[in-house]
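Good morning, colleagues. Please look at the sequence and the structure on the screen before we discuss them.

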Amino acid sequence: MADTGTVRTIVGIVGNVISFLLFLSPIPTFARIIKDKAVKDFKSDPYVATLLNCAMWVFYGLPFITHDNTLVITINGIGFVIECIYVAIFFVFSPGKKKTRIIIELLIEVIFMVIVILITVFAFHTMKTRALFIGILCIIFNVFMYSSPLTVMRMVIKTKSVKYMPFYLSLANFSNGVVWMIYGLLDFDINLVLPNGLGALSGLIQLILYGIYYRSTKSDDANDVSGNRSAVELSST
């Protein structure tokens with residue numbers, strides 16, 4: 001019988017795969033931006049925010065913060081690189097004012113990360129206190145990230161249409177939350193369990209709404225469901 005460590009590793013690998021696919025889900029959006037050579041009404045905010053979120057989780061997974069969280073580092077490290085590419089594309093095809101905003105947002109994030117790192121290293125001297133401090137910050141970020149789909153869910157209820165809430169994306173979000181919640185439970189890491197439990201709940205509600213309103217979605221909308229992407233991008237862990 002496999003021990004807990006082996007099971008946790010397998011679950012983490014599955015979580016890496018699902019999260020990687022979620023990170024790639026905005027590709028159609030960026031293909032359109034590159035094709036049009038303009039960002040138009042698309043917002044860079046979700047990608048800039050996810051960039052910071054990934055950086056925080058990479059830091060959380062480092063050996064002097066927590067133990068045995070290599071798989072948290074790998075997927076968020078990959079996510080960080082992917083988000084950098086997304087933000088770079090936004091920057092290249094944005095007008096002057098939007099470019100300035102992106103630069104300011106990135107500078108704020110860099111300053112924030114430097115402050116967090118300095119506080120963690122010099123104010124906290126045990127792994128327990130460091131993990132608690134970074135974990136609380138990560139939970140706060142993830143709660144905000146997972147609350148974002150509320151806008152889409154409200155739109156579904158209001159319009160009685162699932163056009164802007166693709167089934168497979170909702171299923172992936174639900175699966176992602178469940179897998180990483182299990183990963184956290186296997187090591188009793190509340191900082192992983194809490195936000196991903198909320199993520200799983202959010203995904204479950206999306207699936208329930210999909211089941212309720214799919215039949216009431218107009219036929220022309222239903223044909224577009226698989227081709228649309230929610231404006232919401234969730235973090236990987």
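Is Y47 buried or exposed? In this predicted model, Y47 has a relative accessible area of 8%. Buried means under 20%, so Y47 is buried.

A search of the whole structure finds 13 aromatic pairs. In one of them, the ring centres of F30 and F90 lie 5.5 Å apart with the planes at 85°, so this pair is edge-to-face. F30 belongs to helix α2 and F90 to helix α4, so the contact ties together parts that are 60 residues apart in sequence. Both residues, F30 and F90, are buried. F90 also pairs with Y47: the centres are 5.7 Å apart and the planes are at 35°, so that pair is tilted. Y47 lies in helix α3, and its pair with F90 therefore ties together parts 43 residues apart in sequence. Ring pairs link F30, Y47, Y86 and F90 into a cluster.

Charged side chains also meet rings. R8 lies over the face of Y183, 3.9 Å from the ring centre, and the charged end of K99 sits over the ring of F91, at 5.4 Å from its centre.

I turn next to helix α7, residues 149–159. Here P149, V152, M153 and V156 are buried. Seen down the axis of α7, the buried residues fall within an arc of 100°, so they line one face of the helix. On the other side of α7, L150, R154 and K158 are exposed. K160 follows α7, with a positive phi near 55°.

Finally, the annotation. The unreviewed UniProt entry marks several stretches as "transmembrane region", including residues 6–25. Over residues 6–25 the chain is 95% helix.

Technical notes
Residues numbered from 1 in each chain as written. Predicted model: local features only at pLDDT ≥ 70, side-chain atom pairs only at ≥ 80, totals over all residues. Heavy atoms only, no water. UniProt positions renumbered as here; feature names shortened; annotations may be inferred. Helix = DSSP H or I, 4+ residues; strand = E, 2+ residues; numbered from the N terminus. Buried < 20%, exposed > 50% of the residue type's maximum accessible area, 1.4 Å probe, protein only. Arc of directions from axis to C-beta. Phe/Tyr/Trp six-rings, centres within 6.5 Å; stacked < 30°, edge-to-face > 60°. Lys NZ or Arg CZ within 6 Å of the ring centre and 35° of its normal.
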